[in-house]
Amino acid sequence: MLTTHLMKGLSFGLISCISLTLPTAIAKTTSSETVENEIMVSQSLAKIKPSTSAIYSQMAIHHPVWAANGMVASQEALATKIGVDIMQQGGNAIDAAVAVGYALAVTLPRAGNLGGGGFMLVYLADEQRSIAIDYREVAPQTASADMFLDENGDPDNTLSRFHGLAVGVPGTVLGFELALEKYGSMSLAQVIAPAIKLASDGIIVTPDLANSLSATQKRLSQWPSTQAIFYKADGSSYQPGERLKQSDLAKTLTAIAKKGSSAFYQGPIAQQISDSVRDAGGIMTMEDLASYKAIERQPVTGYYRGYQVVSMPPPSSGGVHIIQMLNMLSQYPIDKMGHNSAATIHVMAESMRRAYADRSLYLGDPDFVNVPVEALTNKQYAEQLASQINPAKATPSSEVSPGTLLPYESNQTTHYSVVDKWGNAVSNTYTLNFSYGSGLVANGTGVLLNNEMDDFSAKPGVPNAYGLIGGKANAVAAKKRPLSSMTPTIVLKDNKPYLVTGSPGGSRIITTTLQVIMNVIDHDMNIAEASAAPRFHHQWLPDMIRIEKGLNIDTVNLLESKGHKVEVKAAMGSTQTIMLTDEGVYGASDPRRPSALSLGY
């Protein structure tokens, strides 16, 4: 059984592991709280099925975090702790997820947000049902297909990235409200209170945050409203250990806590957002904000080696192509071929190549274009694609089904996963697009605004600055949602969550999530090992396998002998993964990003 692979070996007894874990899992603030928490944990431990195996394996190089009840895995430690605290107060996974999302808007401003959007996948244990919540940004009502073209009809990247026109109507606040009202158990005021306190009192600047702000200072400082918040009065950067306060953001959060989403999408805050966008040359109006809707969609589902894979449907392309690639790869004995062997990487890269070719041609906002989800995720179609793969030779991308490529996507997204003691689960990915989005803070609100309009195809058929070509299905249109790679995913075993995972990483999100799933299911890794293993990526064009450092040179040589071009580039992704087993809950935060934390209770 796959749930037992974490338990192999007898290096640690159950009692000794519990004693090591409790200090990080229990908040000991008063003696009465200590007693209550210890009773709660004891009761939870009593529910765990007895096992003769140890919690951790002697064979493993990396180990996940263990807990008896629930777990939060996020890219920022303070936000993780807030999510755990919400569940310790009696909240469910949805309550905790919304609390984490609001906290990240304060503690991880480059990706956590109020002024962006994303996708949330929810699993309800009582109903054994999954829900996909689409709170992706939308184009303003006066957006047009040629709005990012210059006088010569060529794409102008400045307009789509660093200009008021780059800002899509934000969806995060309404998305969180929809999730909380329908599936949460706490009030908005309860779950948003920790974020308000962090913004008002200030956060201690971590080395990660200091580095990020320093690296983007030139771009952010062009906006006085942004400069005033994220840099000192003399223009210098904050240093690690110093305190960063966000008073305007605290006021905005407080207004949302009192009045709900209407405080953000109507009234003074909406006016400030609209005015700031229009002052920067944009077209967003108060009506655009007031008319925004978050949407519940049917998740896309598939099966892989006995597990059900549940993921986001369009306008995310992630779920469709995760399932499409898994369908292709199910034709191969991946476990016997070996992890990151040349043979395995070859067939995976060939599967990626074909999925990304389809992605470029067929995927877009399903409210505007017909996306053939069932056809793309059909197993017979996958068998047809897999039959085209030569095990000894790479197929040049020029010989793979022609399509038109999608625009560049920033990797500055963030993902978090949450599981509660009842078995409810949330997988959430949201973003501003670029690091700090457009860089523009709406005056007086503390809200960083996205530049998600850049995720549309500025001009179908014409390469942009990155050599990528836009597809017609993702052309700009009024009130349309741009295509995304965000791939929050839940893998079910016997109709219950087994893996909850996802990642930032732009177009590499899909392949990163794919590899975590396969590392566990095919290669019998625990989720910490699955998260730490070197990654690779192929997206059809450019025709190359992108790899992280650490892949064996002999493997690289074998891949090149098959005709692949292999290039070592920056690390990919920041997965936040939770595994549920009969013996407890495990969490693993990707070691590729500093400041991340998995914590249970």
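# Reading helix packing, burial and backbone in a predicted model

Analyst: Helices α17 and α22 are oblique to each other. Let's start there, keeping in mind that this is a predicted model.

User: What angle do the axes of α17 and α22 cross at, and within what distance do they come?

Analyst: General idea first: a packed pair of helices is described by two things, the angle between the axes and the distance between the axes. Here the pair is α17, residues 342-362, and α22, residues 553-561. Their axes come within 9 Å and cross at roughly 50°. An angle under 35 degrees would count as roughly parallel, and 65 to 115 as roughly perpendicular, so this pair ends up as oblique.

User: Which way does α17 pass α22, left-handed or right-handed?

Analyst: The crossing is right-handed. Ala342, Ile345 and His346 are what α17 brings to the contact, and they meet Thr555, Leu558 and Leu559 of α22. Sorted by class, that contact has 4 nonpolar residues, 2 polar ones and no charged ones.

User: Now try me on another pair. At what angle do α4 and α7 cross?

Analyst: Roughly 20°, with the axes coming within 8 Å. The helices are α4, residues 93-107, and α7, residues 188-201. That angle makes α4 roughly parallel to α7. The handedness is again worth checking: α4 passes α7 in a right-handed crossing.

User: Which residues make the contact between α4 and α7?

Analyst: On the α4 side you'll find Asp95, Val98, Ala99, Tyr102, Ala103, Val106 and Thr107. On the α7 side, look for Leu188, Val191, Ile192, Ala195, Leu198 and Ala199. By class, the contact has 11 nonpolar residues, 1 polar and 1 charged.

User: Let's zoom out. How many helices and strands does the protein have?

Analyst: There are 22 helices and 21 strands. The chain runs to 601 residues, and 63% of them count as buried.

User: Where does Pro240 lie, and what is Pro240 in contact with?

Analyst: Pro240 lies in the loop between α10 and β6. Setting aside neighbours within four places in sequence, Pro240 is in contact with Val205, Thr206, Pro207 and Ala210. It counts as partly exposed because its relative accessibility is 45%.

User: Which residues of α8 are buried?

Analyst: In α8, residues 207-215, the buried ones are Asp208, Leu209, Ala210, Ser212 and Leu213. Their cover includes β5 (203-204), α9 (217-220), α10 (224-230) and β6 (243-244).

User: How about Thr512: buried or exposed?

Analyst: Buried, because the relative accessible area of Thr512 is 0%, where the cut-off is under 20%. Thr512 is found in helix α20, residues 509-521. Not counting residues up to four places away in sequence, Thr512 touches Ser503, Arg535, Met572, Gly573 and Thr575.

User: On to the backbone. Which residues does a cis peptide bond join, with omega about 15°?

Analyst: That one joins Pro314 and Pro315. Pro315 lies in the loop between β9 (307-311) and α15 (318-329). A cis peptide bond also joins Leu541 and Pro542, with omega about 0°. Pro542 is found in the loop between β16 (536-537) and β17 (545-547).

User: Where do Arg305 and Asn495 lie?

Analyst: Arg305 lies in the loop between β8 (300-304) and β9, and counts as partly exposed because its relative accessibility is 36%. Asn495 lies in the loop between β14 (489-493) and β15 (496-501). At 45% relative accessibility, Asn495 counts as partly exposed.

Definitions and conventions: Residues numbered from 1 in each chain as written. Predicted model: local features only at pLDDT ≥ 70, side-chain atom pairs only at ≥ 80, totals over all residues. Heavy atoms only, no water. Axes fitted to C-alpha atoms, helices over the stretch in contact; angles between N-to-C directions. Helix = DSSP H or I, 4+ residues; strand = E, 2+ residues; numbered from the N terminus. Parallel < 35°, antiparallel > 145°, perpendicular 65-115°, else oblique. Left-handed = near helix turned anticlockwise from the far one by under 90°. Contact = heavy atoms within 4.5 Å. Nonpolar A, V, L, I, M, F, W, Y, C, P; charged D, E, K, R; others polar. Buried < 20%, exposed > 50% of the residue type's maximum accessible area, 1.4 Å probe, protein only.
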